[in-house]
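Student: I would like a close look at a single part of this model. Please treat that part in one connected account.

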Amino acid sequence: MALHDREVQDVISVDPCHKFTWCLDACIRERNVDVKRSRELQGFLDAIRRGQEQVLGDLSMTLCDPFAINFLSTSAMKLVNHTVTQEGMPRDQPVLLLLLRMLALGLSAWEMIETQDFREPKLELPLILQFLPAMMSLIVDDQVRALNVKFPVEERDTASIIIDHSGPPPDMYDAQVSQSPIAAAMAMQYTLQTCKAKDKIGLMRVLGILAQNIRGHPFEDAFLHSLVT
């Protein structure tokens, strides 16, 4: 980015990752991925052809930067919350799918470099069709509990809330967190969200799942730091 700012054309004109990295850096600086920039980023990824796969190694190393991983996961979490508000489905959110695609690439960077197998990891269907809807159901539960507390004591439906909106997470949530580093990264962001909301019940529902499945995850140290501070 310093070379771009200084307009060192001898370098940036031949760097195949320059435009992608510049666009990603702009998104991180602005803390937002708008539709225009998402199309630029997706267009670059889609334009990689057979024989150019090694570029994926450079892109993955760019995306595995801690700031990039944090940006992608927090931005994806915001879109999940927005999808809940709009009563939509994750599979219908192209920007969310792009963020998860880039997150998958960043999380697989070291394995890709070590094996020299430059192939983009595919987003598994259970992640999109089962895990994210399960997470959305947890968010709805959190909202229902928060709304119930605002009612006068005599009008609260406490028994129903405990039974229907405070139980264990869906089985698919647990299964995907243990199998998918992308799901684990998203689960960390959701857990931090419950902490910021001071939602004790929401936190206790999911914290135990993370404790068993994030050891060795690239985002583990950053998550634990954010959790305790």
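Which are the buried residues of H12, and what do they pack against?

Tutor: This is a predicted model, in which local features need pLDDT of at least 70, side-chain atom pairs count only at pLDDT 80 or more, and totals for chains, interfaces and linings use all residues. Residues are numbered from 1 along each chain as its sequence is written, and side-chain values use heavy atoms, with hydrogens and water left out.

Helix H12 covers residues 181–196; helices are DSSP runs (H or I, at least four residues) numbered from the N terminus. Its 16 residues reach 23 Å from first C-alpha to last, close to the 22 Å expected at 1.5 Å a residue, the expected span being 1.5 Å times one less than the number of residues.

The buried residues (under 20% relative accessible area, 1.4 Å probe, protein chains only) are Ile182, Ala183, Ala184, Ala185, Met186, Ala187, Met188, Gln189, Tyr190, Thr191, Leu192 and Thr194. Because 12 of the 16 residues are buried, H12 is largely enclosed by the rest of the structure. The buried residues of H12 pack (contact means heavy atoms within 4.5 Å) against helices H6 (66–85), H7 (94–107), H9 (125–150), H11 (171–179), H13 (200–213) and H14 (220–228).

One of these buried residues, Met186, is in contact with valine 80. Beyond its neighbours within four places in sequence, valine 80 also touches Leu96, Leu132, Met135, Met136 and Ile139.

At the start of H12, a side-chain oxygen of serine 180 comes to within 3.2 Å of the backbone nitrogen of isoleucine 182. Just after H12, lysine 198 adopts a positive phi of about 55 degrees.

Conventions
Helices (H or I, at least four residues) and strands (E, at least two) are DSSP runs, numbered from the N terminus. Buried means under 20% relative accessible area, exposed over 50%, partly exposed in between (1.4 Å probe, protein chains only). A polar contact is a pair of N or O atoms within 3.5 Å; within protein, one must be able to donate a hydrogen and the other to accept it, and residues adjacent in sequence count only if both atoms are side-chain atoms.
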